[in-house]
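Take a look at the model first, and then we can go through it together.

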Amino acid sequence: MAPRLARDLHPVAWWTWAVGLAGAATLTTNPLLLGLLVTSVALVVMARRSDHPWARSFRLYLLLGLMIVIIRVAFRIVFGGVGSGRVLVDLPTIPLPEWVAGVRLLGPITQEALLSGLYDGLRLAAIVICIGAANSLANPKRLLKSVPPALYEIGTALVVAVTVFPQLADSARRVRAAQALRGDASGRVGRLRRFLVPVLEDALERSLALAAGMDARGYGRAGSATRGQRWTTGVLLLSALCGLCVGTYALLDETAPRWLARPLLVVGTLVAVIGLVSAGRRVERSRYRPDRWQLAELVVAGSGLAVGALVWQLGRAEPLVVYPSVSAMPYLSVLALGAALLGLVPALAAPPPRLPISAPLEVGA
């Protein structure tokens, strides 16, 4: 068989896949299922990440997820140690003033309290790791190019925000390499100070350079729209946002009136489309070689959405699998295993990434 052509997958496909897995992580507290989702994400990143600077930040997201789990368990020990169940460590309770009634420091640490904190921390860590996988796999410049014209300024700010962490990772790598070449022999505190200051300074300089470049290219301009057109677009978008928020709340709350659920969601979506079209007409920009969706993009995005849909269906069919009790051993079903394995589809369906051009080849090489 001929080797597959190396190319960069559409960034929206990677983000759709990652958001689907992150949505699946929000729907469960089963540590086994969360562990399988994180493993699937890590394997896909290892198989399909490129050599670009933003692709090296996934390790930092893994460390951040580990810190989230540790902090969540520590908070449960410090502020939620009192509870019914099997007591592991009987710590003394520190009395607090009356104006903080309901909050206690320390107290007996139960097995159920620790497992509850562990499950919640794992869920939040899995969400962060899924978003980190999208940052490591998707090209932020191509993502900005794929943003609709009406959301171009907002998309620019969002792309800059989500690429701060990868930029810090690249700055840390370069500063660490420079310090290794100098042979720094100072103590731990001195090394940490000499490491953090250059990293933060480099990140600040990049941010200022990016802001200056965006200002020179006219980002944030008002355009040729009149005041009435801007007011009309703003009212449409705010009305759509209110309708979507109220409709989503009514859809999730069974006690809310049913006429507030799907009708407001439909109306809010229609108003949002009208507002985006109205805002897009006054934004003039062209695209050079727009990205096309091919079969690989559809398969990658569909696999992420399928994982989220399967976990949602699993919560309706087998709630004990999705939300296991802290007093019993969690387990997995065939549907849960299938949902976790479906997240590995991009490792096979996505084409190999295109290698960045570092330097021209020498004559005769």
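Predicted model: local features only at pLDDT ≥ 70, side-chain atom pairs only at ≥ 80, totals over all residues.

How far does helix H11 (residues 295–317) reach from its first C-alpha to its last? The 23 residues of H11 reach 32 Å, close to the 33 Å expected at 1.5 Å a residue. The expected span of a helix is 1.5 Å times one less than its number of residues.

Residues are numbered from 1 along each chain as its sequence is written, and side-chain values use heavy atoms, with hydrogens and water left out.

**The chain as a whole**

The chain holds 14 helices and 2 strands. Helices (H or I, at least four residues) and strands (E, at least two) are DSSP runs, numbered from the N terminus. Of the 365 residues in the chain, 35% are buried. Buried means under 20% relative accessible area, exposed means over 50%, and partly exposed lies in between (1.4 Å probe, protein chains only). Among the contacts with a separation of 6 or more, 78% join residues 24 or more positions apart; contact means heavy atoms within 4.5 Å.

**Helix H1 and its two partners**

The axes of helix H1 (residues 11–26) and helix H4 (residues 111–137) come within 9 Å and cross at roughly 175°. That angle makes H1 roughly antiparallel to H4. On the H1 side, the contact includes Trp-14, Trp-15, Trp-17 and Leu-21, while H4 contributes residues including Arg-123, Ile-127, Cys-130 and Ile-131. By class, the contact of H1 with H4 has 14 nonpolar, 2 polar and 1 charged residues.

H1 also packs with H11, at an angle of about 10° and with their axes 7 Å apart, which makes H1 roughly parallel to H11. Among the residues making this contact are Ala-13, Trp-14, Gly-20 and Ala-24 of H1, and Glu-297, Val-300, Gly-304 and Val-311 of H11. The contact of H1 with H11 divides into 10 nonpolar, 5 polar and 1 charged residues.

For the terms used here, axes are lines fitted to C-alpha atoms, for helices over the stretch in contact, and angles run from 0 to 180 degrees between N-to-C directions. Angles under 35 degrees count as roughly parallel, over 145 as roughly antiparallel, 65 to 115 as roughly perpendicular and the rest as oblique. Ala, Val, Leu, Ile, Met, Phe, Trp, Tyr, Cys and Pro count as nonpolar, Asp, Glu, Lys and Arg as charged, and the others, Gly among them, as polar.

**Buried faces of H11 and H2**

The buried residues of H11 include Ala-296, Val-300, Gly-304, Val-307 and Val-311. They pack against H1, helix H2 (31–48), helix H12 (319–322), helix H13 (334–342) and helix H14 (345–349). An α-helix has 3.6 residues a turn, so residues three or four places apart point the same way.

In H2, the end C-alpha atoms are 26 Å apart, which agrees with the 26 Å that its 18 residues should span at 1.5 Å a residue. Leu-33, Leu-37, Val-41 and Val-45 are among the buried residues of H2, and what covers them includes H1, helix H3 (58–79), H4, H11, H13 and H14.

**Nonpolar cores**

A nonpolar core is a set of buried Ala, Val, Leu, Ile, Met, Phe, Trp, Tyr and Cys residues joined through side-chain atoms within 4.5 Å. Which of the 32 residues in the largest nonpolar core touch the most other members? They are Leu-9, Trp-14, Trp-17, Val-41 and Phe-58. H1, H2, H4 and H11 are the elements that give two or more residues to this core, and the largest share, 9 residues, comes from H1. Leaving aside neighbours within four places in sequence, Val-41 is in contact with Trp-17, Leu-21, Phe-58, Ile-129, Cys-130 and Ala-133. A second, separate core of 6 residues includes Leu-33, Val-321, Val-322 and Ala-336.

| Pair | Separation in sequence | C-alpha to C-alpha |
|---|---|---|
| Val-345 and Ala-301 | 44 residues | 10.0 Å |
| Glu-201 and Ser-171 | 30 residues | 9.4 Å |
| Pro-11 and Glu-297 | 286 residues | 9.0 Å |

Pro-11, found in H1, counts as buried at 1% relative accessibility. Val-345 lies in H14 and counts as partly exposed at 25% relative accessibility. Not counting residues up to four places away in sequence, Val-345 touches Val-299 and Ser-303. Glu-201 has its place in helix H8 (residues 188–216) and is partly exposed, with a relative accessible area of 44%.
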